[in-house]
Amino acid sequence: MPGAHRAAGLHRPHPSSPEEPPAQEDLLLAAAYVSDAQYNRNVPFETSPQAVRLYHFYNHWTMRAATYFFIWGDLALALFEEPALFPLPFLATSIAEVLCLTAFSGRLVHFAKVTPQMVFWKDTKNICIVVTIVLTLIDLIIYGSLEAVNIHGVRWSRALRPVFLINFPESRQIRRAFRSIRNTLPDILYVFLLFIFSMLIFSLMALKLFGDRGLKTVEGSPYFTNILDIAFELYVLVTTANSPDVMMPAYEFNWWYSLYFITYIIINTYIFMSVFLAVVYNNYRKHLKRGVWTCLPPGALFLTTRVILPGFPHLHLNEIRTLAYLKRHKMIEAFNILKVKVGTEFVVKEAQWRQLAKIVAPDISSSHLELLLRISDEGQKGYVDKMNFLRLADLLNIQVVTINIKRHPLEAWMPRVYQSSPSLLVQKVVRHRIFVWVYDVIILINAIFIALDEKNPLISYAEWLFLSLYIIEILLKLYTYEPRAYFGRKQFWNWFDTLIIIAALVATVANTTIQSARKYNSQQILDIVLILRILRLLRIIVSIQRFRVIVTTLINIGPTMLTFGGLVLVVYYVFAIIGMEVFHGKVHFFDPSSTSPDALECGNPALKDSAFARGRYCRNNFNDLAASLILLTELTVVNQWHVLADGFALVTHQASKLYFIGFHVVVVILIVNIFIAFILEAFFVAYSLEKSEVETAIEKKIQELGVGVQEEEVQDGKLIDNVDAKDSGFSGDDGDNKRKALKGLYFRIASKKYKTVDALLQQMFESEIAPEDEGPSLEEILNFSPSDIHPKNPSFENSA
């Protein structure tokens, strides 16, 4: 049945005998299931030994990295193609693009080798990639043929390059963002049509009020005599970019006419633009009013009507349910492959469990692996039962930090000196909070001195004092804390602080040396010194707890923000390519020192005496990809965007204003509002995340083993993270042997990482599934519908 092939993996017979240990092929297949469950992949793959090996290779990080390399390389070709920032011959760029297309084709063929053909050709993502590759090749051939006979062509296929970024399986979050926009469009469309209707009504009113008054603009043009010009000016007024200039001729004629513009601004700028944001945000939360699966007390699950989840409006509750049950199904399949019978129950032997975990997470340390085994094999029976096996994917997803408490090198080299009373006093002072507060005050005083006049000799000498104090601080910390731990992989702020101080010291010495030579004063080095001094002020963030919480939350939601960054990049890239094809060469930038008469009109007579030329906007052009992206960023800010639109309309056609209006609608009204709503939801979720049941189980086991470290202790400097590659595993049966085997190793759960809203809600759904519940059959999972998960006659009682 075709539906059955949509699962993540096809059914394969299990070992013939329950007591027979699984072969290596079975381990690889089980690892594929567990890995898919761990990363929530739902790729349909064949289960033959060769296909499983290919599937593991397909998911290897090197293959994903290579795919992204060619995707970004393909997008970057626009920098070297005409109109180019760094011009290269067409032959060179075309060869590079063919190489990228070859890599995409190879990735697609690789995917086809592990996927049933029926499923592969029914997947619209694969069809999009194939069609885009074919269209790009056709465009290359046509464009190359025209170039051979000196006929300029249009590279229209360049606008399709983001298709590769969107449609490869690695970019599912960007696809979800696009589906988010698609599902927002219906509600946005009705509001937008009402807004356009209101704007046209006001345009007709303006035509009747001002059209026959003989009014003139500042440039001397007729004022509000053309309905299309009026509509454009009023649309710009919604963005406030031309306020109050647009109303001044009418206002100067009669102050009563200001009421017209005030009314228009209130209705269209403040009300309609707010409604746009409200409608977009409501798409994230609107179904909460009808009973949503909310993040209320743990275990509270509200299932009523069709749900659109915060942060991902396209994720319906039946989709979350499907993902949760598919994950459970994969783990059950992995268990069934590896299970052997011990007594009356089926289990997975410890040796097979270890091999499986090492295949799924090859970089896991032996001590971390032993910790997870202690959690899964609570009674140390030598095997893992089914209920605990099903948690393996979640256990591997929890980041556990291994902390190795090492002796300081000075303690080993000269123990009597390092352990002396004065030395211990210094260490105690450095570890104390007052030491941190003192340096916070020093940083604030330094900030005041930075703001003062640099030419004052006292200020210049004070900078050396501050640098000396910072160097002393670092040396004292290195004396107190073990250096390898202080500069551990997780110690971002320690690295940042040290590098900033060292760079500032080098730059200050270089600048002083150059000035003392009296030959010249390097402004670049001076700028670097000033910037490094200011960057030192960021250290204050680490010291203030509330600052640290906010910044940490922003960092944690960073990966999710990158999803919308990818979305914005796609839209920018498409508009940039279209802009370069339509507007390149129409506006030219001249050096400010140029004496050419064309410099006053940006190299185009059509711009003579225009606001575009008078504003010296000549550098705002579409003559290469970098300039185009900068111009689109300026349009996103909306200030003076109408001047830019008018300028390009003068050098082409008035219809080109539709390009700029379209960009404003898509980016500013739609995507920016979605981004704001998304950040609000993401911040709320990240700010209030609680530990999962699996995280709690890990922490409980860590404390039982007596090897737990509180996160606060690490942040306060009492202990420093440093994952030791040579750590040993647990050994022994009693508590003393456990502690002895650890040899200074301790563990803690890493700081909370942001989970996407769909992952959080899936986790909530999984917590509602009983451990012994195997869920519906695969066919039933794949055919879930909204009617399966809400009552036909919803009421408060059955909703709760």
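Helices (H or I, at least four residues) and strands (E, at least two) are DSSP runs, numbered from the N terminus. The helix is mostly covered, since 13 of the 16 residues of α1 are buried, where buried means under 20% relative accessible area, exposed over 50%, and partly exposed in between (1.4 Å probe, protein chains only).

Ser35 belongs to α1 and is buried, with a relative accessible area of 12%. Leaving out residues up to four places away in sequence, Ser35 touches Arg41 and Val360, contact meaning heavy atoms within 4.5 Å. The side chains of Ser35 and Arg41 are also joined by a polar contact of 2.6 Å; a polar contact is a pair of N or O atoms within 3.5 Å, of which, within protein, one must be able to donate a hydrogen and the other to accept it, and residues adjacent in sequence count only if both atoms are side-chain atoms. Just after α1, Asn40 takes a positive phi of about 55 degrees.

## Basis of the model and overall composition

This is a predicted model, in which local features need pLDDT of at least 70 and side-chain atom pairs count only at pLDDT 80 or more, whereas totals for chains, interfaces and linings use all residues. Residues are numbered from 1 along each chain as its sequence is written, and side-chain values use heavy atoms, with hydrogens and water left out.

The secondary structure of the protein comes to 37 helices and five strands, and 47% of the 800 residues count as buried. Among contacts between residues at least 6 apart in sequence, 75% join residues at least 24 apart. The protein exposes about 39900 Å², of which carbon and sulfur atoms supply 64%; these accessible areas come from the Shrake-Rupley method with a 1.4 Å probe, and for residues only the protein chains shown count as cover.

## The largest nonpolar core

The largest nonpolar core has 132 residues, and those that touch the most other members are Phe210, Phe261, Trp353, Leu356, Phe389 and Trp641; such a core is a set of buried Ala, Val, Leu, Ile, Met, Phe, Trp, Tyr and Cys residues joined through side-chain atoms within 4.5 Å. Helix α31 (residues 657–687) gives the most to this core, with twelve residues. Leu670 is found in α31 and counts as buried at 8% relative accessibility. Beyond residues up to four places away in sequence, Leu670 touches Ile181, Thr184, Leu185, Ile188 and Val665, while the C-alpha atoms of Leu670 and Leu277, 393 residues apart in sequence, are 8.5 Å apart in space.

Phe261 lies in helix α11 and is buried, with a relative accessible area of 1%. Apart from residues up to four places away in sequence, Phe261 touches Phe210, Tyr223, Phe224, Leu237, Val246, Met247 and Ala250. For Phe210, with neighbours within four places set aside, the contacts are Leu215, Tyr223, Phe224, Ala250, Tyr257, Tyr260 and Phe261. Ile271 is also placed in α11 (residues 258–285), but Ile271 counts as partly exposed, at 45% relative accessibility.

## A second core and helix α21

A second, separate core of ten residues includes Tyr439, Ile442, Phe466 and Ile474. Phe466 and Ile474 are among the buried residues of α21, which also include Ile459, Ala462, Leu467 and Tyr470 as well as Glu463, Glu473 and Lys477. Helix α21 (residues 457–480) has 24 residues and reaches 35 Å from its first C-alpha to its last, close to the 34 Å expected at 1.5 Å a residue.

## Cysteines

A search of the whole structure finds one disulfide, that is, a pair of cysteine sulfur atoms within 2.5 Å. This disulfide joins Cys602 to Cys618, with an S to S distance of 1.9 Å, and the link is left-handed, with -70 degrees about the S-S bond. The pair links distant parts of the chain, 16 residues apart, with Cys602 in the loop between α27 (558–583) and α28 (611–614) and Cys618 in the loop between α28 and α29 (625–637). Both Cys602 and Cys618 are buried. Elsewhere, Cys100 is buried, with a relative accessible area of 6%, whereas Cys128 is partly exposed, with a relative accessible area of 35%.

Definitions and conventions:
Expected span 1.5 Å × (residues − 1).
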